[in-house]
Amino acid sequence: MNERHIYDMIVIGGGPGGYTAAMYAARAGLDVLVLEKLSAGGQMALSEAIDNYPGFEEGIDGFTLAEKMQRQAERFGAKTAYAQARRAALSGAVKTLETDAGTFYARTVALATGANPKPLGIAGETALVGRGVAYCAACDGMRYRGKTVAVVGGGNSAAADALLLSRIAAQVILVHRRDALRATKVYHEPLMQAKNVSFRWNSVVTELLHDGHVTGVRLKDTATGEESELPCDAVFVSIGREPATALVRDQLALDAAGYVIADETTQTNLPGVYAVGDVRAKPLHQVVTAVSDGAVAVQMAEAYLASLTDGGRTAKI
Amino acid sequence: MAAMEMNREQFERMTQGDKPVLVDFWAPWCGYCRRIGPAFERIAEAYADRLTAAKVNIDEEAQLAEAERIEVIPTLMLYRNGKVVDSIVAPESQAAIDRFIRDALAG
């Protein structure tokens, strides 16, 4: 299925940033297509409750919010192709996207591929997701009220997760491979003072113990090599995120952590290509900042298209 | 036609037949199962003439899930003539589900 049609904008990724870009583009009269590999929502769709997205005073689950955003964009004429982009050529006047459902063309591209939590990379991890292995304390923490949980990591997100979980779980054990936190000082004091938070320094998780659900972890002391078992009901993996930039690695400027370098205008180093949502390097990755990027990207894309001869419509594939 | 929710009795009757049956083992608490849901429905529609698509809630059909050795969800299993043709765990995209079905039906 090769479509020779040239869209005004193709949005790669159907998360909140992507569908907001699609909604703004469609409302601006642009011919816009979203490429989504599975279903709307991205990381947000896995969140059981989003309590910090304004307008939903009782909170809303991420999957439902994603469907609402998709329907809202589609109400104004945005289309979705359920396809995963495999290769992208973004430097020309017409951008080419090869997917597992054919090749698509567009004058502008909003890259909204998001980010994914980094896995521990140990045996059985994927199989135990939802059964004691979790990557989002704010999403899945409530399930472990009164239980014992381990948090793996030593950065800001691990410290924030441990603090949040300390208010829900009975016991929180922070497992870190170094002998001190990398987290900002503001987290240290409350963590050290929390009565139900303890620390396992110089420790790495070598095995997930389970009976179909996590029952504990095996830890190895990085200094002595000594192994021990730590019983727990869940393991929250908080060792950072990886932006989904494999598609554009050779074309867009990325920072050291792999995020696309673009300022608040979302403009990348390539004309007509915008970085939207979690894939963009920025201080706060949230649904509310992703949707903001989506709106801004369309504003920039409109200005870019207007600057081209005949709005770019004379450009050839 | 939307994928039907299947109980154990329906499962045992339908998977015996010639027409392949694609079963999505899922549970309401499984976030990724929900994400697969819309893609599974689109696949069910696209393959409506070649297979029956159904869903089994493993919380409600715990015995069936155990009998089928479902340890991880979402798991998609394709059955024909009372046998498992193939299975896939947590497919990453709609295309991955599509590929799984095409390979399984061809094999």
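Two residues are in contact if their C-beta atoms, placed from the backbone, lie within 7 Å. Keep that cut-off at hand for these exercises on a predicted model.

**Exercise 1.** Find how many residues of chain A are in contact with chain B, and sort them by class.

*Solution.* Start with the count: 16 residues of chain A are in contact with 14 residues of chain B. Next, sort the side of chain A that touches chain B: 8 residues are nonpolar, 5 are polar and 3 are charged.

**Exercise 2.** Work out how helix α1 of chain A is oriented against helix α2 of chain A, and which residues make the contact.

*Solution.* Take the geometry to begin with. Helix α1 (residues 16–27) and helix α2 (residues 62–75) of chain A have axes 8 Å apart, at an angle of about 20°. Angles under 35 degrees count as roughly parallel, so α1(A) is roughly parallel to α2(A). The crossing of α1(A) past α2(A) is left-handed. Now list the residues: α1(A) contributes A:P16, A:Y19, A:T20, A:A22, A:M23 and A:A26, while α2(A) brings A:M69, A:Q70, A:Q72 and A:A73. Sorted by class, this contact has 7 nonpolar residues, 3 polar and no charged.

**Exercise 3.** Trace the open sheet of chain A and explain what sets β8 and β11 apart as edge strands.

*Solution.* Write down the order: 5 strands run β8-β15-β9-β10-β11, with parallel pairing. Then look at the edges: β8 (133–134) and β11 (197–200) of chain A each have a single partner strand, so one side of each lacks a neighbour in the sheet. Finally, step inside to β9 (residues 148–152) and β10 (residues 171–175) of chain A, a parallel pair joined by 5 bridges. Here A:A150 stands opposite A:I173 in β10(A).

Methods. Residues numbered from 1 in each chain as written. Chains lettered and ligands numbered in written order. Predicted model: local features only at pLDDT ≥ 70, side-chain atom pairs only at ≥ 80, totals over all residues. Axes fitted to C-alpha atoms, helices over the stretch in contact; angles between N-to-C directions. Helix = DSSP H or I, 4+ residues; strand = E, 2+ residues; numbered from the N terminus. Parallel < 35°, antiparallel > 145°, perpendicular 65-115°, else oblique. Left-handed = near helix turned anticlockwise from the far one by under 90°. Nonpolar A, V, L, I, M, F, W, Y, C, P; charged D, E, K, R; others polar. Pairing = 2+ DSSP bridges.
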